[in-house]
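Thanks for coming, everyone. Let me put the model up, and then we'll walk through a few places in it.

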Amino acid sequence: NDLYNATTIKDDNCYSYTLEIEEIFNEMGFDDDPKLEDDDQDLEEKEYYEAYKKALKQGSCRNTFIRATIAGPEYVGKSSIATLFTEQDLPKSYDATQIADELDKMVNLEEYEIVDCDNDTMWNCKVQNIIENQGDKITIPSQPIDGQFYFPAIQEASDNGSSTTSNSLQDTESSSNNVEQHPYYFEQCYYSSLLREFNNYNDGNQYAKIWDFGGQSMYYVFHPLFLSFNCIYILTFNIEREIDDKVLTRDNKELNTTYLQAMQEWLTSIIGGNSDQKKSTRTTNIKNKPVEHSLPIIILVASRADTITDENVGKEKFDKFQQKLISAMPSYASNIYSSGIIFNCKPGDNDKATISQRRDCIIRLHNIMKEFAKSLPFMFQNIPIRWYIMATIFRSPPNNDKNEALASKTERNKAILVRNIMTMQEVKLLAKNLDIYENDDDLTSMLAYLHDLGEIVWCSKDNPKEIIITNVDWLLQIFREIIKPLQYQEAILKAKAENDKANKTGCVSKEYIDQALSKYQLDEETKYNVIALMKTYNIICTIRSSNEGECQYFIPYLLSPVEKPIDSSKFYVSDYLYLGYELDIVPNIPDRIYYCLISFCLEKWNDSKVELHYQYAKFYLTESCHYIIIIKETSHITLQYCYQKIGNPELAKSIAIKAKTSIRNNSPQNLVKQRLSSLMIEKMPKFREAKTRFYVQCPECKILEHLKDHDDKLNINTIQCQNQYCNHLFESQAVIDWIILDPNE
């Protein structure tokens, strides 16, 4: 077979693998008993190969997959709804979802049906259908003939998923460009997948992959990595609680955060990160009624139907929650669809009425998802089959078992091509070696599509390497491991001292992060890329202490709430100056933006002593003897400064002059404003055009009034409240405190 021989490259820079054909194809499931004469078999194989080549270049199909993400505050029944929706029994209790979980089941959106198979099977069915449609009666060859497999010269991966060096990549690319390559070696590896039949698969159906997100506030900084504009979101709340109530934990403890604040965090993260500036609306028929909505679409559902004895009461409570949510976030109204669905998630309640109620909720939610999915532009994309082939390869991560004998030779060879974490350069070279690379635009479109489905994490922003995570579960395990030691393992690496330090400052040592990652035996380059990924999304921030440049990490989700505000009996305290946006434009500044701001201040005021808490930071500037306090409100950042009261009049005056001179000369409020503005442009592109403003509070009606600014200098004229029911004229103490004309006054 000349074709087989042509696929083997004998070159100093390439590996050449000669494998036992009988053993390989036994592993792949081929029948040992020949069913064709040799000449007929050769013809069949060549026909199939030609169809494969044609399909690889030209074959495509309509997208039929979408991700459905269940989100919401902690302990509101998200995991229960995910379990019920995928027709599984409710357990008596759940462990809290850590960051996110990808369920192993898909939902057929055409007719409610749970598809119990993996993505690979469904993708391979698509590929097989397209290949067989390229010619007349093309079928998969039943028997291979002798030959060799060619594998490109990519440095063999170790168990830790390490990356190839840039030099070896360049060498490989240059060597592979000098010879003709054929994808037949890959097709043979792909045969075993194509031979698996999935009888329930229909290429005309649409399928939703279910994700369940953890709702604890400490996970908010992780979520942007996994969110996508092209998803259907199911936002869940507890019908038993009011929207202004404090969030209740599974230990029946109340947090400082309200359900409204938690919902605002979710909505802003889902919608605000969208780079599409067009506020276009679409119309979808739900229950034969036209519904105008914007993307991404967020379906509001509730849990705890078991606490509602009257259906009308349940409807009233649902409507009240939805109306208050929309009132607080009017700019998101067109993204939220109020379903009125209230699930009974009570474990152990399996009487006929409950089962019937659950079934009714499932069917109603399914029908809503089905109609919205039909209207999404994402579902009308034409997907080249090479994207599905690449996705299948991505889902073949390195085998981490120390006993390599347990892994098949085929698996080990596929592992040579793929690593858990890769750079864009490596992915591009992989695509070229598989002969499925078209151009850079096609490659980035493929990565965006697979990221939307949750198959990979594509970190394309602020990173010259453009990191791609091909094994999402591996990344989630690493994130959980970083969280886990601080919560549960007090016996490692000076854990008690580290825990105390982390809770007080949000900072841990580099040594501590290294210990958390040690379980995965990452090499230095892989560890560097993982940490770079976390830095890009502000999960951690590198800071340097004044102690000989020691490297530490600021991890904001570790912070505890502030216990005591500034004691005004011991300090001279300025009036509050507010920084933010009009409520109807930016209804919420998410936690991750605030923590990015705090990270910036940590670097800017590195010589300061800092006290950090959840949504609260107090910096002490030693040279000027004063504190600067930065507090996160809903749609504003609150600024305040203070300095200590001293009994000695001369010393007290000296401290006051130092503090006021520092405020006048350094204008920390403008520094914070500029950074907040740049962060919103960078990380919340939906609000790119929103203007960052200073605000002061009207003493009469307590409404925030924005200040007109000229060249970043606050207007110190008398302010008139614009509230039509107030119109109060006042001289703002905040303006007097922050715009200091003479520090000696």
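One term before we start: a residue counts as exposed when its relative accessible area is over 50%, and as buried when that area is under 20%. Keep in mind that this is a predicted model.

Look at Asn 288, in the loop between strand E11 (282–286) and strand E12. Is Asn 288 buried or exposed? Its relative accessible area is 78%, so Asn 288 is exposed. Now the backbone. Asn 288 is not a glycine, yet its phi is positive, about 65 degrees. Most residues other than glycine have a negative phi.

Cys 625 is another non-glycine with a positive phi, about 55 degrees. Find Cys 625 in the loop between strand E25 (616–621) and strand E26 (626–632). Cys 625 has a relative accessible area of 21%, so it is partly exposed.

Pro 296 sits between strand E12 (289–293) and strand E13 (298–303). The peptide bond from Leu 295 to Pro 296 is cis, with omega about 0 degrees. Most peptide bonds are trans.

Now the cores. The largest nonpolar core has 127 residues. Which of them touch the most other members? They are Phe 226, Phe 554, Tyr 557 and Ile 630. In soluble globular proteins, nonpolar side chains tend to be buried together.

Next, a helix pair. Take H11 (residues 385–394) and H14 (residues 440–453). Their axes come within 10 Å and cross at roughly 60 degrees. Therefore H11 and H14 are oblique to each other. The crossing is right-handed. On the H11 side, the contact includes Arg 386, Trp 387 and Phe 394. On the H14 side, it includes Asp 442, Met 446 and Tyr 449. What kinds of residue make up the contact of H11 with H14? Nine are nonpolar, one is polar and two are charged.

Last stop, Ser 331. Ser 331 lies in the loop between helix H9 (311–328) and strand E14 (336–342). With a relative accessible area of 17%, Ser 331 is buried. Now find Asp 584. In sequence, Ser 331 and Asp 584 are 253 residues apart. In space, C-alpha to C-alpha, they are 5.7 Å apart.

Over to you for questions.

Methods: Residues numbered from 1 in each chain as written. Predicted model: local features only at pLDDT ≥ 70, side-chain atom pairs only at ≥ 80, totals over all residues. Heavy atoms only, no water. Core = buried A, V, L, I, M, F, W, Y, C linked by side-chain atoms within 4.5 Å. Buried < 20%, exposed > 50% of the residue type's maximum accessible area, 1.4 Å probe, protein only. Axes fitted to C-alpha atoms, helices over the stretch in contact; angles between N-to-C directions. Helix = DSSP H or I, 4+ residues; strand = E, 2+ residues; numbered from the N terminus. Parallel < 35°, antiparallel > 145°, perpendicular 65-115°, else oblique. Left-handed = near helix turned anticlockwise from the far one by under 90°. Contact = heavy atoms within 4.5 Å. Nonpolar A, V, L, I, M, F, W, Y, C, P; charged D, E, K, R; others polar.
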